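Hello,

Please find the structure below. My notes on it follow, starting with the contact between the chains.

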Amino acid sequence: MLQPGLIQLLTASDLADLRIDAIPKLQVGFRPGSFFSSFRSQDGEAKLTFIPQQILLNKDHELFEDGDIHRHLYLQNLSTCPAHDSPTARQCEFRCYISGCSQVFSTVEDYEHHYNTLHRHVCSSCQRSLPSARLLDIHIQEWHDSLFSILAERQDMYQCLVEGCGSKFRTREQRKDHVIKIHKYPSDFMFDKVKRIKNIKIAKNNMLQKGTSMEVSMSVSEPEGVCEVLSDQPEEEEYMEINHSLEPGILDPASNPINTVELSTDHDTAPILSVTIQPTTNQQRPQHNRERHSYRVPRTVCFGQGSVQGFRGHGRRI
Amino acid sequence: MWRLNAVRHKAGRQGSDLEEFKFKRREHEKELRRARKDSQLVSKRLLLNDDEEEDGTMDTLASDQVVELFNIVRHGRDLVKKEADLRALRKALRSPSAHLILIKQPNSIAILVTNLCGPNPQCRLEAARCLHELSHSPHSEVDSLRLRQATPYLITFLSGQSPKFTELCLYTLGNMCPDSENVRDMLLAQGIIPALNNCIQIHRTNLAVVEAVGFTLSQLISANYVTERIIPAVLASGLIPRLLSVLTPDSQFGLGPVIECAWCLHYLACSNVDNGALVAQGTLLHCTSLLVTLGVAVAKGSIEEGIELLIWPLLRCVGNLLLSGPLGALQPQLNDSRLLAALCAFPQAFLQTHPALARESVWVLNNLTAAADSSVFCSALFYLNLVPALIQLLPFSHGINIMVLRVLGNIAHQGREYCLHLAQAGLLPALCATLKMADTEVVTFSLEVLGQLMASDPQLAEEFVKQSGLPVLEAIQYSNQETIRLRATHLLEHHLLPHCPVDTSASQ
């Protein structure tokens with residue numbers, strides 16, 4: 001349990017070297033001008049406030065509770081082998097900070113997986129989360145750029161999804177054919193179907209039916225454009241026609257005791273790449289164009305919700 | 001004399017007995033916690049006599065039988081027989097119901113006191129045992145006030161020579177101390193403190209008596225409202241050096257006496273009445289010295305059962321005494337750098353069994369590193385390569401990681417060299433992990449420490465970015481906790497973005 005370095009230090013026989021006043025002291029102080037700038041907000045509060053402080057604890061302090069209890073159990077002859085019943089050190093949990101997400105994880109890896117899956121590469125227009133920055137770019141370009149559809153009439157604008165390929169096509173269908181033929185994607189890969197974002201309630205019920213282990217705060221994804229998470233939702237609603245009423249407490253971490261996020265693996269042919277997160281409000285719906293550079297920067301507290309990955313095909317909406 | 005062995009024997013019973021015992025213990029623990037919250041945490045000790053099993057059969061006598069026994073004692077004239085009569089009465093008193101019966105008898109206490117001071121030593125012993133049983137009574141009617149006729153005698157006998165008898169008197173008095181402020185004032189007036197001083201001097205080679213003195217003193221000074229008279233009296237009495245002499249590292253005394261004396265020192269130090277006097281009498285030196293010895297024992301793997309009962313009060317005593325004056329003045333008493341190693345070893349050794357002890361150990365480190373002249377200790381932590389051991393404690397809750405972050409923050413505040421050394425020890429990736437934790441306080445402290453690191457040298461900001469720290473801070477900006485949002489934003493704006501372009505394609 002003890003590290004060897006510590007053991008060596010404590011069991012060293014030569015005591016002369018161990019005097020504190022014999023230890024070289026590091027230089028104190030900072031370079032001029034490199035001190036903390038104590039940034040003041042509007043109400044004049046300093047932002048970074050830690051000051052080293054010695055702490056005096058009186059006998060009734062709460063920090064002393066466990067030790068006192070242990071002592072009194074001993075006095076009352078109730079001590080036993082401590083290993084059985086005492087509180088053991090708990091590892092801290094990790095929490096996702098995206099507002100409204102609030103999920104808690106027991107390991108860093110779980111948290112990072114969650115974050116990378118749901119909150120990275122999110123399109124701020126439609127809250128869909130894409131697997132990579134490149135696919136996000138393509139998504140934004142094809143779906144939220146009005147210039148795109150104009151240009152697409154005259155030139156090949158639909159990029160191949162496979163990185164490094166570089167081919168471009170005049171229509172979605174052509175791209176789809178290319179990807180299937182050349183890159184050997186399965187033909188029932190989730191191309192171009194318009195994803196519908198279900199009402200949470202329906203999503204939850206379906207989810208429970210399907211027995212997926214997805215977090216209830218995420219909607220079950222329906223087959224949609226490329227790279228959608230699959231959990232075979234039969235019906236598809238029109239995109240953006242659903243009023244997303246938030247179930248009370250749905251995003252309350254306490255009501256979602258599941259710690260890890262798992263993506264559904266129902267569909268075994270298409271890659272599982274994207275996740276849809278149920279949006280909590282209807283705010284981020286506008287179809288109008290946005291500045292390109294703002295896509296990556298979420299605008300409101302709804303960032304990360306309703307993240308749906310993939311592409312929305314023309315098909316359904318026409 | 002308390003031996004943990006005795007308790008272990010009890011716990012060694014198999015099967016349902018053990019489960020029941022554990023269940024009872026858990027229930028009891030809950031009660032104790034409740035009592036502590038009400039500042040009513042009090043324990044009494046019952047000395048068992050040689051002729052009794054711990055859980056021997058107790059014949060609960062009918063009330064008239066008890067009365068009968070008492071009357072025999074009261075009226076008996078034959079001293080030889082009286083001893084047997086008293087013994088019979090004492091055995092009857094093992095059963096708490098007999099207590100109520102006895103105290104209802106007229107002059108019952110007076111009769112016992114008469115025998116306590118009588119000519120026959122055996123009768124004295126038996127009478128003392130009877131009073132001892134009463135002092136441990138669960139009934140609130142049998143309170144110390146009722147027994148107060150006995151106290152002047154009990155106190156006087158503390159200066160006597162007979163160890164067994166003295167031990168009884170001590171525990172009886174010790175059981176009475178917590179009952180009320182009136183009782184304590186009375187005991188103080190009757191001279192309990194000089195008597196204790198005398199007693200520990202006379203019986204200094206008898207570990208059972210030393211332990212009893214420690215216990216009684218701890219009961220006296222751990223009660224509420226003792227800072228005005230009792231603690232100053234103790235500080236002035238000359239008891240401190242005697243307590244300290246029990247703390248010698250290779251004491252042949254065994255753990256019991258040392259534990260009691262250590263808890264006394266803790267209660268004295270945390271009352272903060274005159275910690276300068278405590279330090280002047282060598283308390284800090286002795287306690288740190290013993291902590292080092294215990295650290296060495298822990299390093300060697302020879303952790304005796306119950307050793308945490310000793311480590312706990314020593315840590316608390318040292319922790320509080322560090323505030324008694326400027327650290328520079330205390331340094332001669334803190335000159336053994338192995339103290340720092342011990343303070344890092346205890347958390348590692350006790351993390352799973354007693355996390356609160358781990359936390360208190362780090363608290364002492366905080367007090368060592370937070371003072372104005374702590375630079376020598378901070379430097380020592382690097383020199384002895386102890387910082388990685390602290391960083392390894394960061395995943396743990398129970399307040400441990402917050403205390404560790406305080407220590408790291410203290411070190412970072414010393415200066416640029418210290419910040420660079422902290423980074424070398426691997427603090428930045430560790431902070432990337434703590435920044436993701438659920439506990440807001442942990443995140444806040446992490447941001448503070450991170451801020452100090454980055455402010456000290458831009459190279460640390462670059463290093464943080466290399467550790468993929470940027471997305472972590474960006475994520476925190478969306479937290480619903482304003483405190484951490486503002487700090488994260490501040491760090492991004494002041495230390496990170498000016499130094500490197502916000503590279504959103506960095507994830508590609």
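**Interface of chain A and chain B**

In this predicted model, 89 residues of chain A and 134 residues of chain B take part in the contact. About 10700 Å² is buried between chain A and chain B, and carbon and sulfur atoms give 60% of that area.

The rule finds 6 salt bridges across the interface of chain A and chain B. One of the pairs joined by a salt bridge is Asp68(A) with Arg316(B), at 2.8 Å from N to O. Polar contact across the interface of chain A and chain B comes to 39 residue pairs, both residues being at pLDDT 80 or more.

On the side of chain A that touches chain B, the elements giving two or more residues are α1 (4-11), α2 (65-75), β1 (94-95), α3 (108-118) and α4 (133-144) of chain A. Of these, α2(A) gives the most, with 11 residues. By class, this side of chain A has 44 nonpolar, 24 polar and 21 charged residues.

**Annotated domains in chain A**

An unreviewed UniProt entry carries the annotation "domain: C2H2-type" for residues 96-119, 123-144 and 160-183 of chain A. In the model, residues 123-144 of chain A are 55% helix and 0% strand, with the end C-alpha atoms 9 Å apart. For residues 160-183 of chain A the values are 42% helix and 8% strand, and the end C-alpha atoms are 10 Å apart.

Regards

Conventions. Residues numbered from 1 in each chain as written. Chains lettered and ligands numbered in written order. Predicted model: local features only at pLDDT ≥ 70, side-chain atom pairs only at ≥ 80, totals over all residues. Heavy atoms only, no water. UniProt positions renumbered as here; feature names shortened; annotations may be inferred. Helix = DSSP H or I, 4+ residues; strand = E, 2+ residues; numbered from the N terminus. Contact = heavy atoms within 4.5 Å. Buried area = accessible area lost by both parts, 1.4 Å probe. Salt bridge = Lys/Arg side-chain N within 4 Å of Asp/Glu carboxyl O. Polar contact = N/O pair within 3.5 Å; in protein donor to acceptor, adjacent residues only side chain to side chain. Nonpolar A, V, L, I, M, F, W, Y, C, P; charged D, E, K, R; others polar.
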